[in-house]
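Please read them beside the coordinates.

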Amino acid sequence: MRKLVIEKAAIRANMAVIRKRAAGAALYGVLTGAGLIPLARMLRDEGVGRFAVGSVEEAQELREAGFVEEEILMLRATVDREELERLVDLNVVCTISSVDTGLALNAVAENRSTVAEAHIQVDTGMGFGGFLVGEPEKILLAYRSLPNVALSGIYTQLHTSPKGSEQEVSAQLKQFHQVLDAIHAAGFETGLVHAAGSYALMHFDAARLDAVR
């Protein structure tokens, strides 16, 4: 039988390094799989109050374990009505990666006479999903046409391995900032801006924005 071993001392040491490197940026603990709750509790003890997950089940597990006030960000967009209803009920910050995913979330929130919170996902070349940087008009459409969605943040995914050179990351960040500029020029606020995971944070100074995942 396999055991999951969480090395608490190593996590605390890593968190100290990440927190120093983040220099005041908000920190998201990205959680998945076995050991999700013990790890979440450790991160909360280390001062992390924002978490990110990849499934509705993980979000529900966190809420049921007592993570009631903490922000939970869903890093996967969906148009599935049942999933969206559960995410809204759990007070999860959703991801909008296209006009269709935005309209689907808006419809669920409107039907429930509420406002759902969401972050915009932008694809700067990794292919993990999101609005394409070459189609800013679609991103602006999300800001203009979703009255029941509060867009409180925007993010992209950077190269996160040694294969991702500084030049590649710089090109991604340049494209991302062009999207941010277009949003601001249209008179909208982007909210929390994030791009870096821990690897990008440690290796690329320019990747440190408002938050780190």
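1. Axes here are lines fitted to C-alpha atoms, for helices over the stretch in contact, and angles run from 0 to 180 degrees between N-to-C directions. Helices (H or I, at least four residues) and strands (E, at least two) are DSSP runs, numbered from the N terminus. The model is predicted: local features need pLDDT of at least 70, side-chain atom pairs count only at pLDDT 80 or more, and totals for chains, interfaces and linings use all residues. Residues are numbered from 1 along each chain as its sequence is written, and side-chain values use heavy atoms, with hydrogens and water left out.

2. Helix α6 (residues 136-145) packs on helix α7 (residues 166-185) at an angle of about 45°, the axes being 10 Å apart. The two are therefore oblique to each other (angles under 35 degrees count as roughly parallel, over 145 as roughly antiparallel, 65 to 115 as roughly perpendicular and the rest as oblique). The crossing of α6 past α7 is right-handed, that is, the near helix is turned clockwise from the far one by less than a right angle. Pro 136, Ile 139, Leu 140 and Tyr 143 of α6 make the contact with Val 179, Ala 182 and Ile 183 of α7, where contact means heavy atoms within 4.5 Å. By class, this contact has 7 nonpolar, no polar and no charged residues (Ala, Val, Leu, Ile, Met, Phe, Trp, Tyr, Cys and Pro count as nonpolar, Asp, Glu, Lys and Arg as charged, and the others, Gly among them, as polar).

3. The axes of helix α2 (residues 36-45) and helix α3 (residues 56-64) come within 10 Å and cross at roughly 60°. That makes α2 oblique to α3, and α2 passes α3 in a right-handed crossing. Leu 36, Ile 37 and Ala 40 of α2 meet Glu 58, Glu 61 and Leu 62 of α3. The classes in this contact are 4 nonpolar, no polar and 2 charged residues.

4. On a 1 Å grid over the protein atoms alone, a cavity is a set of points where a 1.4 Å probe fits but cannot get out, and a pocket is an open set with protein on both sides within 12 Å along at least five of seven lines; lining residues have an atom within 4 Å of a point. The largest pocket is lined by 15 residues, with Met 15, Ile 18, Tyr 28, Gly 29 and Leu 43 nearest its centre. Its lining takes at least two residues from each of α1 (8-22), β1 (26-30) and α2.

5. The largest cavity has among its lining residues Gln 121, Asp 123, Phe 128 and Thr 156. Strand β5 (residues 116-123) gives the most to that lining, with 3 residues.
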